[in-house]
Amino acid sequence: MHSQRTSSTSNKLSTTGIILGIISISLSIFFIGGFIGIIGFIISLCGLRKSRQPDGCAIAGIVLNSIAMYILLVFIAMARHPNMLPTSNKQAPPTPEPSTTTISSTPLPEPSPTVTDINANIMANDIWELTLLDAKTYTEITGDFYSDTPSSGKVYMVVFLEAKNISKDDEYFNTLYVNAYDGDYAVDVTVVLNDVEGYSLMGGTAAPGKKVKGYYAFEIDENWESFEFTYYELFTNKDQKLQFTIYRSDME
């Protein structure tokens, strides 16, 4: 009877542990996922210890929750020490030239360093002076061995940016800290396999006074009218967000 109660308790703990492991992995991009992983790890470990034989559920729960805890540690390290991330040694590419693959190749107005309104080409906060070099739409992005093609009814919106570090410390321009909207609809960054106009994906570390260049690509509706792009630091307030709005009428 005691053995049956121990086995039942072990099964409940193991099942609870693996459920928490699945939840923690699903929420691992948020801090709460890592904390759920800690609880799930402890419960799974207790389930494994109470079991008289190898318990697959308990072992799976330990593995899943361990992964979630590791992801939490990585995010904490990135937030506290952004300069630990690898930097790019590539030479800054030239300003993009018009391409025959674009729907519209008319450049945006030349940037003015004294303008800081929402539709300007230059925005600044306490860390970065962000310049919108250009914005283009593509029906195809070609490379030497492969061509990136958007979904049916979509085009690629590619924004080319230059970020200057205006702080007194080395700073990391995080690729993930962006929001974008096609009209009223949120869109995610699209991963393309090819560099665009000689540019790589935006991101990297810059010393004080130095710059990083790159691009972001998004899939938007081919009949788009306006596109809004925002870069923000994760732990800063609303006033520190850098936002550009691009209108189709300005590109035609």
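Guide: Before we look at this predicted model, one term is needed: a salt bridge is a side-chain nitrogen of Lys or Arg that lies within 4 Å of a carboxyl oxygen of Asp or Glu. The idea behind the term is that side chains of opposite charge can pair when their charged atoms come close.

Visitor: How many salt bridges does the structure hold?

Guide: The structure holds three salt bridges. In one of them, lysine 211 pairs with glutamate 162, and the closest N and O atoms are 3.5 Å apart. Lysine 211 is partly exposed at a relative accessible area of 48%, whereas glutamate 162 is buried at 16%.

Visitor: With which residue does lysine 213 form a salt bridge?

Guide: The partner of lysine 213 is glutamate 162, and here the closest N and O atoms are 3.8 Å apart. Once again distant parts of the chain are linked, with lysine 213 in strand β10 and glutamate 162 in strand β5, 51 residues apart. Lysine 213 counts as partly exposed, at 23% relative accessibility. Salt bridges that share partners therefore join Glu162, Lys211 and Lys213 into one network, because each bridge is a pairing of a side-chain nitrogen with a carboxyl oxygen.

Visitor: Which residue forms a salt bridge with glutamate 197?

Guide: Glutamate 197 forms a salt bridge with lysine 136, and the closest N and O atoms are 3.6 Å apart. Glutamate 197 sits in the loop between β8 and β9, while lysine 136 sits in strand β2 (residues 128-138), so that parts of the chain 61 residues apart are linked. Lysine 136 is buried, with a relative accessible area of 2%, whereas glutamate 197 is partly exposed, with 23%.

Visitor: Let us turn to aromatic rings. How many aromatic pairs does a search of the whole structure find?

Guide: In general, a pair of aromatic rings is described by the distance of the centres and the angle of the planes. A search of the whole structure finds eight aromatic pairs. One of them, formed by phenylalanine 173 and tyrosine 231, is stacked, with 4.0 Å from centre to centre and 10° between the planes. Because phenylalanine 173 lies in strand β6 (residues 171-173) and tyrosine 231 in strand β11 (residues 226-231), the pair ties together parts that are 58 residues apart in sequence. Both phenylalanine 173 and tyrosine 231 are buried.

A tilted pair is formed by tyrosine 216 and phenylalanine 229, at 5.4 Å centre to centre and 45° between the planes. Tyrosine 216 is in strand β10 (residues 211-221) and phenylalanine 229 in strand β11, so this pair ties together parts 13 residues apart in sequence. Tyrosine 216 counts as buried at 0% relative accessibility, and phenylalanine 229 is buried too, at 1%. Tyr216 and Phe229 also belong with Phe218 and Phe227 to one aromatic cluster.

Visitor: With which residues is alanine 217 in contact, leaving aside its neighbours within four places in sequence?

Guide: Alanine 217, in strand β10, is buried, with a relative accessible area of 0%. Leaving aside those neighbours, alanine 217 is in contact with Met157, Val158, Asp188, Val189, Thr190 and Val192. The C-alpha atoms of alanine 217 and valine 159 are separated by 6.6 Å, although the two residues are 58 residues apart along the chain.

Visitor: Which residues form a nonpolar patch on the surface?

Guide: Phe35, Ile38 and Ile42 form such a patch, with about 280 Å² of accessible area together. Phenylalanine 35 is in helix α2 (residues 31-50) and is partly exposed, with a relative accessible area of 48%.

Visitor: What pLDDT does the protein average?

Guide: The protein averages a pLDDT of 77, and 72% of the residues score at least 70. Over residues 98-119 the pLDDT is below 50, and this stretch has 44 contacts in the model beyond near neighbours in sequence. As for the overall picture, the secondary structure comes to four helices and twelve strands, and buried residues make up 40% of the 252 residues.

Definitions and conventions: Residues are numbered from 1 along each chain as its sequence is written. This is a predicted model: local features need pLDDT of at least 70, side-chain atom pairs count only at pLDDT 80 or more; totals for chains, interfaces and linings use all residues. Side-chain values use heavy atoms; hydrogens and water are left out. Patches are made of residues with over 30% relative accessible area and no salt bridge: like charges are joined within 9 Å, nonpolar side chains (Val, Leu, Ile, Met, Phe, Trp, Tyr) within 5 Å. Accessible areas come from the Shrake-Rupley method with a 1.4 Å probe; for residues, only the protein chains shown count as cover. Helices (H or I, at least four residues) and strands (E, at least two) are DSSP runs, numbered from the N terminus. Buried means under 20% relative accessible area, exposed over 50%, partly exposed in between (1.4 Å probe, protein chains only). Rings of Phe, Tyr and Trp (its six-membered ring) pair if their centres lie within 6.5 Å; planes under 30 degrees apart count as stacked, over 60 as edge-to-face and the rest as tilted. Contact means heavy atoms within 4.5 Å. pLDDT is the predictor's confidence in each residue, from 0 to 100.
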